[in-house]
Each structure stands twice: as structure tokens, then as C-alpha cells.
Amino acid sequence: MWQYLTAYISGYLEFPEVVSRGEMLAWASKSITQQLNDYAAQGWELFDLEWISEREVMATFQRPAPDQE
């Protein structure tokens with residue numbers, strides 16, 4: 001049996017000054033990667049990923065369900 005979790009993950013960040021699109025996307029990718037890693041650290045395995053925009057994803061994770069006794 002598996003548990004599933006679907007999460008909205010955003011790479012939109014606030015910058016104190018105007019930055020280039022390239023820099024904005026680079027930081028967004030780092031943010032998204034960190035958030036995915038946070039779920040992985042909790043035992044979740046990425047099952048599916050759908051891009052919503054260039055800085056947003058909908059991620060579905062799975063992990064084995066705990067034994068039910």
C-alpha cells in the first residue's frame with residue numbers, strides 16, 4: 001500500500017531590487033529543488049511533476065503506507 005501527497009510548489013521569490021529574468025529563474029529553481037528535497041527528507045518519493053508556470057509546479061509524491069495492525 002502507498003500513501004500519496006500532492007503539493008503546490010512555488011519558486012516565486014521577493015527580491016529587494018530588480019533582477020534579470022535569468023537570475024529570477026535560477027533562484028526559483030533553487031527554491032523548488034529545496035522544497036522537493038524537504039519532502040524527500042520526510043520519506044516522500046517524487047511520483048509525478050506537472051509544471052503550472054515557469055516558476056510553479058504541482059508535485060505528487062508517494063511513500064509506503066505504515067503497517068496497519
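1. Let's start with the salt bridge, taken here as a side-chain nitrogen of Lys or Arg within 4 Å of a carboxyl oxygen of Asp or Glu. The side chains of E54 and R21 meet in one, at 2.4 Å from N to O. E54 sits in the loop between β2 (45-53) and β3, while R21 belongs to helix α1, so the pair ties together parts that are 33 residues apart in sequence. The structure holds one salt bridge. As background, side chains of opposite charge can pair when their charged atoms come close. E54 is partly exposed, with a relative accessible area of 43%; the scale used is buried under 20%, exposed over 50% and partly exposed in between, with a 1.4 Å probe and protein chains only.

2. A word on the basis of these values. This is a predicted model, in which local features need pLDDT of at least 70 and side-chain atom pairs count only at pLDDT 80 or more, whereas totals for chains, interfaces and linings use all residues. Residues are numbered from 1 along each chain as its sequence is written, and side-chain values use heavy atoms, with hydrogens and water left out. Helices (H or I, at least four residues) and strands (E, at least two) are DSSP runs, numbered from the N terminus.

3. Next, the core. A nonpolar core means buried Ala, Val, Leu, Ile, Met, Phe, Trp, Tyr and Cys residues joined through side-chain atoms within 4.5 Å. The largest one has eight residues: A7, I9, I32, L36, W44, V57, A59 and F61. Two or more of these residues come from each of β1 (2-10), α1 (21-41) and β3 (56-64). β3 gives the most, with three residues.

4. Not counting residues up to four places away in sequence, W44 touches Q3, Y4, L5, Y39, F61, Q62 and R63, where a contact means heavy atoms within 4.5 Å.

5. Now the aromatic pairs, of which the structure holds two. Rings of Phe, Tyr and Trp (its six-membered ring) pair if their centres lie within 6.5 Å; planes under 30 degrees apart count as stacked, over 60 as edge-to-face and the rest as tilted. Y4 and F47 form an edge-to-face pair, 5.6 Å centre to centre with 70° between the planes. This pair links strand β1, which holds Y4, to strand β2, which holds F47, across 43 residues. Y39 and F61 form a stacked pair, at 4.6 Å centre to centre and 25° between the planes. Here Y39 in helix α1 is joined to F61 in strand β3, 22 residues apart. F61 is buried at 1% relative accessible area, whereas Y39 counts as partly exposed at 22%.

6. What does Y4 do at the surface? Together with W2 and F47, Y4 forms a nonpolar surface patch with about 370 Å² of accessible area. Patches join residues with over 30% relative accessible area and no salt bridge: like charges within 9 Å, nonpolar side chains (Val, Leu, Ile, Met, Phe, Trp, Tyr) within 5 Å. Areas come from the Shrake-Rupley method with a 1.4 Å probe, and for residues only the protein chains shown count as cover. Y4 counts as partly exposed because its relative accessibility is 49%. Leaving aside neighbours within four places in sequence, Y4 is in contact with W44, F47, F61 and Q62.

7. Last, S31 in helix α1. S31 is buried, with a relative accessible area of 17%. Not counting residues up to four places away in sequence, S31 touches S10, G11 and L13.
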